[in-house]
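Me: I would like to learn how to read helix packing and a few backbone features. Could we work through one example?

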Amino acid sequence: MERESSKHGPRLDEEQKRETKGIVRGGGPTHAEEWKETEPMPAPGEEASVRRYAPGHEPGTPEGISAEAVDLRSDLAKWLSDADFPASARDLRGHAERMDAPDEVTEILRSLPEGRYINMAEVGQALGLGVEKRRW
C-alpha cells in the first residue's frame with residue numbers, strides 16, 4: 001500500500017488531498033466545503049439593483065417623525081441608555097450630566113417637563129419629537 005504521509009492514516013491523507021485539490025490544480029476553489037467559499041463580488045452596475053426589505057424594515061424615516069427628530073432621539077437614547085427607568089426628568093438630567101453628555105443633549109433635557117418617564121419613547125413624546133407610527 002502506497003501512502004502519501006507517514007505522520008497520519010490514509011483517511012486523513014485522502015481528506016487533505018481533497019481539500020488541497022484546488023490549490024494544486026490552480027483553477028478552482030480552495031475550500032472543500034462550499035459554505036466556506038466567499039460570495040462573488042457584483043459586477044459594475046449590479047450593485048444598484050433593487051433590494052428587498054421585510055415589511056416594516058425599509059430604510060428611511062418612520063411615519064410620524066421627522067429625520068431631525070430621529071437623530072435627536074437617537075442622541076438622547078445613546079446618552080440615556082443605561083439610565084434607571086422609570087425616572088424623573090431631574091434624574092435623567094443628572095444622569096446625562098454624570099455621563100458628560102454633549103451640551104445639545106443636556107439643553108434638550110432641561111426643557112423636559114417634570115414627571116416620571118417609563119422609557120425613551122415617553123421622553124421623546126414629552127419633548128415633542130414625534131411618535132413613530134408602525135404599519136402592521
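Reply: Start with how elements are named. Helices are DSSP runs of H or I with at least four residues, numbered from the N terminus. By that naming, Thr106 is found in helix α5. Keep in mind that this is a predicted model.

Me: Is Thr106 buried or exposed?

Reply: Buried means under 20% relative accessible area. Thr106 has a relative accessible area of 9%, so Thr106 is buried. Leaving aside neighbours within four places in sequence, Thr106 is in contact with Ala96, Glu97 and Ala101.

Me: How do I read the packing of α4 and α5? At what angle do they pack?

Reply: Take the angle between N-to-C directions, then the distance between axes. Helices α4 and α5 pack at an angle of about 170°, with their axes 9 Å apart. Angles over 145 degrees count as roughly antiparallel. Therefore α4 is roughly antiparallel to α5.

Me: Which residues make that contact?

Reply: From α4 come Leu92, Arg93, Ala96 and Glu97. From α5 come Thr106, Leu109 and Arg110. By class, the residues of the contact of α4 with α5 are three nonpolar, one polar and three charged.

Me: Why do residues three or four places apart matter on a helix?

Reply: An α-helix has 3.6 residues a turn, so residues three or four places apart point the same way. Look at α4 with that in mind. Leu92, Arg93, Ala96 and Glu97 of α4 take part in the contact with α5.

Me: Which residues does Leu109 touch beyond its sequence neighbours?

Reply: Leaving aside neighbours within four places in sequence, Leu109 is in contact with Leu76, Leu80, Leu92, Arg93 and Ala96. Leu109 also belongs to the largest nonpolar core, which has 20 residues. Leu76, Leu92, Leu109, Leu112, Val123 and Leu127 touch the most other members. Helices α3, α4, α5 and α6 are the elements that give two or more residues to this core. The largest share, four residues, comes from α3.

Me: Which residues of α4 are buried, and what covers them?

Reply: Ala89, Leu92, Arg93, Gly94, His95 and Ala96 are buried in α4. Their cover includes α3, β1, α5, β2 and α6.

Me: What should I look for in the backbone?

Reply: Most residues other than glycine have a negative phi, and most peptide bonds are trans. Look for departures. Asp100 has a positive phi, near 55°. Asp100 lies in the loop between α4 and α5 and counts as exposed, at 64% relative accessibility. A cis peptide bond joins Phe85 and Pro86, with omega about -5°. Pro86 is found in the loop between α3 and β1.

Methods
Residues are numbered from 1 along each chain as its sequence is written. This is a predicted model: local features need pLDDT of at least 70, side-chain atom pairs count only at pLDDT 80 or more; totals for chains, interfaces and linings use all residues. Side-chain values use heavy atoms; hydrogens and water are left out. Buried means under 20% relative accessible area, exposed over 50%, partly exposed in between (1.4 Å probe, protein chains only). Contact means heavy atoms within 4.5 Å. Axes are lines fitted to C-alpha atoms, for helices over the stretch in contact, and angles run from 0 to 180 degrees between N-to-C directions. Angles under 35 degrees count as roughly parallel, over 145 as roughly antiparallel, 65 to 115 as roughly perpendicular and the rest as oblique. Ala, Val, Leu, Ile, Met, Phe, Trp, Tyr, Cys and Pro count as nonpolar, Asp, Glu, Lys and Arg as charged, and the others, Gly among them, as polar. A nonpolar core is a set of buried Ala, Val, Leu, Ile, Met, Phe, Trp, Tyr and Cys residues joined through side-chain atoms within 4.5 Å.
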